[in-house]
Amino acid sequence: MPAAYDQYLVPVVFRPFAEDLATRAAALGPRRVLELAAGTGVLTASLLAAASSPEVTATDLNDAMVAFGSARVRGAVWRQADAQRLPFPGGSFDLVACQFGVMFFPHRIEAFTEVRRVLTPGGRFLFNTWGPLGTHAFEVALQAGLERAFPVDPPRFFRTVPHSYADPAAVAADLAAAGFTVENEQELTLQGRAASTADLATGYLTGTPLRTAVEKHGDGPAVRATVIEEMTARLGPGPVTAPMTAYVFCAAAQQELL
């Protein structure tokens, strides 16, 4: 799964936002950076390239992602870690960054409170979340393809997880509950560019948790063919360009929890 994710999805869906987030991080002048949900390291590499000699510690809950990312991006220290129980002393970092990971935290306020604990007073938490599913043209087409391929009980992973934290007011409330002050929140739409719709579908079907649903279906080639057909009808065969919307937050750790 990490290899397919990195080959087919990272360049199209994640790298544009990683470059944006890394530029924002560099402007803060961090010396010690902790990255959560680092995946295969697209943001990690961008952080190392954009900032001036930062110390970057990259973490992920998934051991396979840590193994893949540590081989791919060698300039960072890599560790397996749960964002809700971070294995670092308080005040260890002046910036915590997370690219499209907070939606996966089972208890977000608990995770945000841990982020605040490992930050220095006034340290920043910089992260992004996806907007509503309807604002991500690739994944609208993907979901339509899944609903054709699975007429009964289609997979709803993208609707219920990646796009489940798309209310900026709810995000801001959770940050406040964890002891943060939101300094900046921005809606950001960037263009994704894929060489082909078939490659994009392959990435989603084999490089995300959709892989499990396809394998359980028992006819992976038929599912893939149906999804590609629907995505191609909506996006074209490729090269294809489509808009993707996210929210970017920068929050400062308060001196004391409220």
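Student: Where is Asp153 found?
Tutor: Asp153 is in the loop between helix H5 (137-149) and H6. Keep in mind that this is a predicted model.

Student: Is Asp153 buried or exposed?
Tutor: Exposed. Its relative accessibility is 64%, and the cut-off for exposed is over 50%.

Student: And what is the phi of Asp153?
Tutor: About 55 degrees. That is a positive phi, although Asp153 is not a glycine.

Student: Which loop holds Pro155?
Tutor: Pro155 also sits in the loop between H5 and H6. Pro155 counts as buried because its relative accessibility is 13%, and buried means under 20%.

Student: What does Pro155 touch?
Tutor: Leaving out residues up to four places away in sequence, Pro155 touches Gln143, Leu146, Phe150, Leu210 and Ala213.

Student: How many Å separate the C-alpha atoms of Pro155 and Arg124?
Tutor: 36 Å. Along the chain, Pro155 and Arg124 are 31 residues apart.

Student: What about Asp174 and Ile109, how far apart are they in sequence and in space?
Tutor: They are 65 residues apart in sequence. In space, the distance is 5.5 Å, C-alpha to C-alpha.

Student: Which helix is Asp174 in?
Tutor: Helix H7, residues 168-177.

Student: Why does Asp174 count as buried?
Tutor: Its relative accessibility is 17%. The cut-off for buried is under 20%. Asp174 touches Arg108, Ile109, Phe112 and Tyr165, not counting residues up to four places away in sequence.

Student: Phe112 is in that list. Which residues in H4 are buried?
Tutor: Phe112 is one of them, and the others are Ala111, Glu114, Val115, Arg116 and Val118.

Student: What do the buried residues of H4 pack against?
Tutor: Two groups of elements. The strands are S1, S4, S5 (119-130), S6 (180-194) and S7. The helix is H7.

Student: New topic. How much space lies in the largest pocket?
Tutor: About 890 Å³. The pocket is lined by 42 residues, and the closest to its centre are Ala37, Asp60, Met65, Phe100 and Phe104.

Student: How does the lining divide into nonpolar, polar and charged?
Tutor: It has 28 nonpolar residues, 10 polar and 4 charged.

Student: Which helix gives the most to that lining?
Tutor: H1, with 5 residues. Other elements that supply at least two residues include strand S1 (32-36), strand S2 (55-60) and helix H3 (63-72).

Student: Back to Phe100. Where is it, and is it buried or exposed?
Tutor: Phe100 is in the loop between strand S4 (93-99) and helix H4 (108-118). It is buried, with a relative accessible area of 5%. Its phi is near 50 degrees, a positive value in a residue other than glycine.

Student: What about Thr40, which loop is that in?
Tutor: The loop between S1 and H2. Thr40 is buried, with a relative accessible area of 1%. Among the residues that Thr40 touches are Pro2, Tyr5, Met65, Phe68 and Trp78.

Student: At what angle do the axes of H1 and H2 cross?
Tutor: At roughly 35 degrees, and the axes come within 8 Å. The crossing of H1 past H2 is right-handed.

Student: Which residues of H2 meet H1?
Tutor: Val42, Leu43, Ser46, Leu47 and Ala50. On the H1 side, Phe14, Ala18 and Leu21 are among the partners. The residues of this contact divide into 11 nonpolar, 2 polar and 2 charged.

Student: Is Ser46 buried or exposed?
Tutor: Ser46 counts as buried, at 13% relative accessibility. Not counting residues up to four places away in sequence, Ser46 touches Ala18, Glu19 and Ala22.

Student: Why is H8 largely enclosed by the rest of the structure?
Tutor: Because 8 of its 11 residues are buried. Those buried residues include Thr197, Leu200, Tyr204 and Leu205.

Student: Last one. Which peptide bond is cis, the one from Gly238 to what?
Tutor: To Pro239, with omega near 0 degrees. Pro239 is in the loop between helix H10 (220-235) and strand S7 (240-253).

Conventions
Residues are numbered from 1 along each chain as its sequence is written. This is a predicted model: local features need pLDDT of at least 70, side-chain atom pairs count only at pLDDT 80 or more; totals for chains, interfaces and linings use all residues. Side-chain values use heavy atoms; hydrogens and water are left out. Helices (H or I, at least four residues) and strands (E, at least two) are DSSP runs, numbered from the N terminus. Buried means under 20% relative accessible area, exposed over 50%, partly exposed in between (1.4 Å probe, protein chains only). Contact means heavy atoms within 4.5 Å. On a 1 Å grid over the protein atoms alone, a cavity is a set of points where a 1.4 Å probe fits but cannot get out, and a pocket is an open set with protein on both sides within 12 Å along at least five of seven lines; lining residues have an atom within 4 Å of a point. Grid points are joined across faces, edges and corners, and a volume is the space filled by probe spheres set on the points. Ala, Val, Leu, Ile, Met, Phe, Trp, Tyr, Cys and Pro count as nonpolar, Asp, Glu, Lys and Arg as charged, and the others, Gly among them, as polar. Axes are lines fitted to C-alpha atoms, for helices over the stretch in contact, and angles run from 0 to 180 degrees between N-to-C directions. A crossing is left-handed if the near helix is turned anticlockwise from the far one by less than a right angle, and right-handed if clockwise.
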